[in-house]
Amino acid sequence: MVDLKSGYPYWAVKNGLLYAFPQLDTNLSCDVVVIGAGITGALIADELATHGHDVVVLDQRDICWGSTSASTALLQYEIDAHATEIAKRYDQAAALLAYQSSLHAIEQVGALAHQLGDVDFANCESLYYASHRVDHQDLADEFAWRKQHGFPVRWLSRAALKNEYQLTAPAAILSTIAARVDPYRLASKLLYRMQQRGALVFDRTAVTSIKATGHSVQLKTDKGMLIKAKHLVMASGYEAQCWLSQKVAQNRSSFAYITDPVAPSELGWLATTMLWESSRPYIYMRSTGDGRLLVGGEDEGRDIPARRDCLVDRKAATLQRKVARLFPKLQAKPAFAWAGTFAETKDGLPLFGQHSQYGPRVLFALAYGGNGITYSMLGAGLLRAQIERRPHPLTELFSFARLGYG
Ligand SMILES: Cc1cc2nc3c(=O)[nH]c(=O)nc-3n(C[C@H](O)[C@H](O)[C@H](O)COP(=O)(O)OP(=O)(O)OC[C@H]3O[C@@H](n4cnc5c(N)ncnc54)[C@H](O)[C@@H]3O)c2cc1C
């Protein structure tokens with residue numbers, strides 16, 4: 001098992017174990033087996049089960065105890081790669097597709113959150129500022145592209161930023177569409193609802209082998225149980241890379257801390273607007289429903305779990321210093337800090353679909369990148385279309401083949 005995060009991340013501590021799910025102790029057959037009960041597996045399994053597929057979900061940990069419990073869960077259509085970069089790497093159509101789909105994904109998560117209730121979902125705005133003067137032109141180009149294509153953005157000059165947000169930076173793009181959620185509650189509630197509706201969800205059940213043919217897939221678990229399915233969805237997060245002989249992403253470590261609740265008068269516009277910057281790695285922050293400030297960033301280029309966990313307090317102190325520089329009057333002391341692994345692809349886009357190592361019956365759901373949850377939402381519709389043998393606009397752009405893999 002890969003060590004995905006430091007000890008107990010915030011969402012796990014805040015929520016505890018919300019629901020109990022059994023271990024698998026019998027052989028099974030089904031239409032689709034989903035490995036991984038994090039946010040990706042939950043969204044995909046929910047999409048499939050809601051549309052009549054017979055789904056079984058398995059997780060080797062407790063439900064949602066992987067990266068999902070460590071996520072800071074900013075929901076943004078502004079993915080880590082600028083639209084202008086995607087357009088340069090691929091073409092305008094690809095950039096537009098990636099950005100428009102991501103915008104739609106935020107609405108989709110919002111609709112699900114509304115159905116489930118009590119998952120700390122809220123729509124908010126997102127302020128993306130230029131960290132340095134040299135970033136100004138890139139930001140201006142990105143703003144022009146988004147404006148031209150009808151995205152809900154506003155340009156803030158240095159003076160406007162100072163005047164409206166009391167921030168000192170060369171310029172910023174304000175996006176009026178973004179959201180935040182408690183990812184652990186969202187995924188747990190989805191899985192529980194699925195179970196209530198008759199789908200089978202098992203935790204503490206590890207898949208140890210996969211045999212795929214052109215017609216079906218057979219899995220074996222650590223307890224020796226066999227599962228036969230027409231399709232397998234590999235939603236096992238950053239651990240999914242263990243199943244591929246080819247390296248498809250770079251693992252990094254990321255750090256986060258959360259404050260105690262802050263008085264609304266002190267939090268000011270941060271209560272409704274998330275903040276991030278053009279530097280890479282970037283610092284970012286957003287509020288929670290109970291008025292805390294969640295701050296993240298300080299990523300390390302490589303992920304060594306033991307080193308990552310030792311750095312948690314030092315990284316939280318660095319993040320706090322950066323917050324103090326931006327907001328000298330805000331008391332934003334860490335009440336709780338943690339670290340997690342995350343993975344990034346070369347182009348900042350995720351990998352969904354088949355890989356030649358396993359053939360057409362195994363569909364990977366690698367929602368890698370800083371906008372993993374937005375990608376997971378998109379992957380749900382995409383993989384359902386693939387299972388139902390329907391075309392989907394994102395098939396090629398999110399495929400392994402686009403990067404020459406598989
Ligand atoms: C610190 C941090 C901050 C982040 N911030 C954001 C953010 O602001 N916005 C955003 O959109 N994304 C963010 N992300 C990314 C986002 O959290 C991830 O994309 C998302 O949580 C991945 O979910 P997942 O379900 O794919 O993986 P996981 O939650 O890890 O779930 C995969 C599950 O598969 C199970 N599994 C693995 N192998 C097996 C096996 N062999 N048998 C059975 N089960 C198995 C694991 O136990 C695990 O529970 C952040 C990530 C981190 C670490």
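At 14% relative accessibility, Tyr238 counts as buried, where buried means under 20% relative accessible area, exposed over 50% and partly exposed in between, with a 1.4 Å probe and protein chains only. The model is predicted: local features need pLDDT of at least 70, side-chain atom pairs count only at pLDDT 80 or more, and totals for chains, interfaces and linings use all residues. Residues are numbered from 1 along each chain as its sequence is written, and side-chain values use heavy atoms, with hydrogens and water left out.

**Aromatic pairs**

- Rings of Phe, Tyr and Trp (its six-membered ring) pair if their centres lie within 6.5 Å; planes under 30 degrees apart count as stacked, over 60 as edge-to-face and the rest as tilted.
- The count by this rule is 23 aromatic pairs.
- Tyr238 and Tyr368 form a tilted pair, at 5.2 Å centre to centre and 50 degrees between the planes.
- This pair links distant parts of the chain, 130 residues apart: Tyr238 lies in the loop between β10 (226-234) and β11 (250-258), and Tyr368 in the loop between β17 (362-366) and α11.
- Tyr368 is buried, at a relative accessible area of 1%.
- Trp145 and Phe151 form a stacked pair, with 5.8 Å between centres and 25 degrees between the planes; both residues are buried.
- Tyr10, Trp11, Phe336 and Trp338 are linked into a cluster by ring pairs.

- Ala343 belongs to strand β15 (residues 336-344); helices (H or I, at least four residues) and strands (E, at least two) are DSSP runs, numbered from the N terminus.
- Ala343 is buried, its relative accessible area being 0%.
- Leaving aside residues up to four places away in sequence, Ala343 touches Tyr238, Gln241, Ala249, Gln250, Asn251, Tyr368 and Gly369, contact meaning heavy atoms within 4.5 Å.
- Asp303 is 40 residues from Ala343 in sequence, with a C-alpha to C-alpha distance of 9.2 Å.

**Packing of α4 and α11**

- The axes of α4 (residues 92-116) and α11 (residues 372-387) come within 9 Å and cross at roughly 85 degrees; axes are lines fitted to C-alpha atoms, for helices over the stretch in contact, and angles run from 0 to 180 degrees between N-to-C directions.
- The two helices α4 and α11 are therefore roughly perpendicular (65 to 115 degrees; under 35 is roughly parallel, over 145 roughly antiparallel and the rest oblique).
- Ser101, Ser102, Ala105, Gln108, Val109 and Leu112 of α4 make the contact with Thr374, Met377 and Leu378 of α11.
- The residues of this contact divide into five nonpolar, four polar and no charged; Ala, Val, Leu, Ile, Met, Phe, Trp, Tyr, Cys and Pro count as nonpolar, Asp, Glu, Lys and Arg as charged, and the others, Gly among them, as polar.
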